[in-house]
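Hi,

Here is the structure I promised to pass on. Have a look at it first, and then read my notes below.

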Amino acid sequence: MAPVNINELPTEIIMQILVFTLPEDPWDWGIGLVQQLALVCRRWLSITLSAPELWPTVDSRQGYRTIGAVLAHNLTGPLNVRLRVAPFAESSPFLASVRGSLIPSGKRFIEIISPHAHRWRDIDLMGYLSTDTVSAIQRAEAAEYLQLLVISGWSQPSAKWRINISRLNRLKCLRISGVQLRWDGPPRFPFLRILTISFTALPPIDQLHTMLESAKMLDSISLHNIDEYPSQIDEEGWTNQGIARFKIVPLTELTNVHLNMVPTEISTHLLTHLDAPGPLALAGNHLDAAVLLNDNFRRILRSSITTFQRIRVDIVARCLRVHTQSGDRIEDGTAQGHTGSPDDFLDLEFKLLDPDRLAIILQSLGLSLESRRITLTVHRHEFGPLDVGSVLWELLPALTPVDDIWVAGGWAMCRVVEVLLEKRVDDMGDLKWVTPRLQYLAVQDVLMEEEEDVLSALRVLWEKRYVRLGAGVTEGLATESPPRCSPLRRLLMPDEWMVGMVVTGGLIPGVDVDIA
């Protein structure tokens, strides 16, 4: 094909070429970029002055001159609006100057752009929100182009947010923090891909469920510090049966769910009613551990760990934490048809609130993690209404893949040893020690008055569990080991003195002993 002189191309094609030179992020736009294009030749100057697409963004930090130029050359196209305002100097028409052009105050900026609210596409507001700002947002509710709404701020006591979020059905991204919304009727967002809400009340669960059902393209759900509201779910309503009137919501594009400081009713409903085809980047805290009894959540959990070879379980601060680290990923990055991603992660913190169902809850956790290697960490913190020993008594038998245990505190170490000396009959009828795969044992933060108890516990552990392995401890082969277990390969102690006591006393012969 013969080359074509760019000046021979139609104006529409040149305009599109110039648009492609702009930053992909609309907030990176600046008038200097357009000026550079306009200085190339008279034709390009004419095109840049008449193409609304080249003038997409107004920012409160721009001067009056730039804001006026954008509004003069973009008379009909969509506008991206960014407002940054502090709670002072609102009575002044300007706050400062940039390159000789005065910067308007937030109030003056809103007055300038409010007549164009019907053309707003991306809205990014942060800072002090006055009643004028609230009114402008209300006028943008029915904006034809509106796709992104990001609001993070605080308002005057008299400025009550009354944005009818249910009408913004063209949104692709919704990020709200610290503002009050009006949920009139069930919101529907068929194009929504990103949902991030923090320090804001959510709609009732039935409306939230309807919103998720409509958002078939949703990729990410992040809820943080959600305001509390009265419980809407009965205690037994969300286990295997689910709530009768709610169905599982299939979200084929979903890759991320993050629930931080969210009321239990909301987190429980989401974790038991969302259905994603692949592994999720999954995080949450203050979760009721009883969600582990739900079939749908267990399926999500099993899918989300497929790219990891190791799962970490921590008993800490009245909670059971199940999480992963970057080094836990499967080396080749693939597992069961899934490709690992640096964005994949798992970090779930469960509250053990129901002592009567503790055993079945922990057994359910064990079944969900049975295909992974597990590191168990037991911290010194008190465990609330449940004793650490009681939790260990049910947890360790359930987590048969545990091969690595880290314990903080001598008292906790003694409780761990008590459980390790228990025997159980497996599904095949074979008698085995609890956690038969255990190979690494570490203890840290032992108090001086606990040292003798820890050494005594280790001596008993060796005599009752490992002494019959004989040469198998050092050679890696259990020559005679009824009940069966793997040999202990490494023992980590908190300091040199305790290492010396273990080695010179021959407490665990043939095992590599070092400082934790």
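**The second largest pocket**

The lining of the second largest pocket splits into 10 nonpolar, three polar and four charged residues. (Ala, Val, Leu, Ile, Met, Phe, Trp, Tyr, Cys and Pro count as nonpolar, Asp, Glu, Lys and Arg as charged, and the others, Gly among them, as polar.) There are 17 lining residues, and Pro-26, Glu-53, Pro-56, Asn-80 and Arg-121 lie nearest the centre of the pocket. The space in this pocket comes to about 440 Å³, a volume being the space filled by probe spheres set on grid points that are joined across faces, edges and corners. A pocket here is an open set of points on a 1 Å grid over the protein atoms alone, where a 1.4 Å probe fits, with protein on both sides within 12 Å along at least five of seven lines; lining residues have an atom within 4 Å of a point.

**Before you go on**

This is a predicted model, where local features need pLDDT of at least 70 and side-chain atom pairs count only at pLDDT 80 or more, while totals for chains, interfaces and linings use all residues. Residues are numbered from 1 along each chain as its sequence is written, and side-chain values use heavy atoms, with hydrogens and water left out.

**The whole protein**

The protein has 15 helices and 27 strands (DSSP runs numbered from the N terminus: H or I of at least four residues for helices, E of at least two for strands). Of its 516 residues, 52% count as buried. Buried means under 20% relative accessible area, exposed over 50%, and partly exposed in between, with a 1.4 Å probe and protein chains only. Among contacts (heavy atoms within 4.5 Å) with a separation of 6 or more, 67% are between residues 24 or more positions apart.

**Helices with a buried side**

In helix 2 (residues 31-38), the buried residues are Val-34, Leu-37 and Ala-38. They line one face of the helix, because they fall within an arc of 100° seen down its axis; the arc is that of the directions from the helix axis to the C-beta atoms. Those buried residues pack against helix 1 (11-20) and helix 3 (42-50).

Helix 5 (residues 106-113) buries Gly-106, Phe-109, Ile-110, Ile-112 and Ile-113. Their arc is 160°, so these residues also line one face of helix 5.

Thr-268 is in helix 8 and is buried, at 1% relative accessibility. Its side chain reaches the backbone oxygen of Thr-264 at 2.8 Å. His-273 is in helix 8 too (residues 264-273), and is buried at 3%. The side chains of His-273 and Thr-272 are joined by a polar contact of 3.0 Å (N or O atoms within 3.5 Å, one able to donate a hydrogen and the other to accept it; residues adjacent in sequence count only if both atoms are side-chain atoms).

Met-261 sits in the loop between strand 13 (256-260) and helix 8. Most residues other than glycine have a negative phi, but Met-261 has a positive phi of about 55°. Met-261 is partly exposed, at 39%.

With 52% relative accessibility, Asp-445 counts as exposed.

Thr-400 is in the loop between helix 11 (388-398) and strand 22 (402-408). Leaving out residues up to four places away in sequence, Thr-400 touches Thr-435, Pro-436 and Arg-437.

Best wishes
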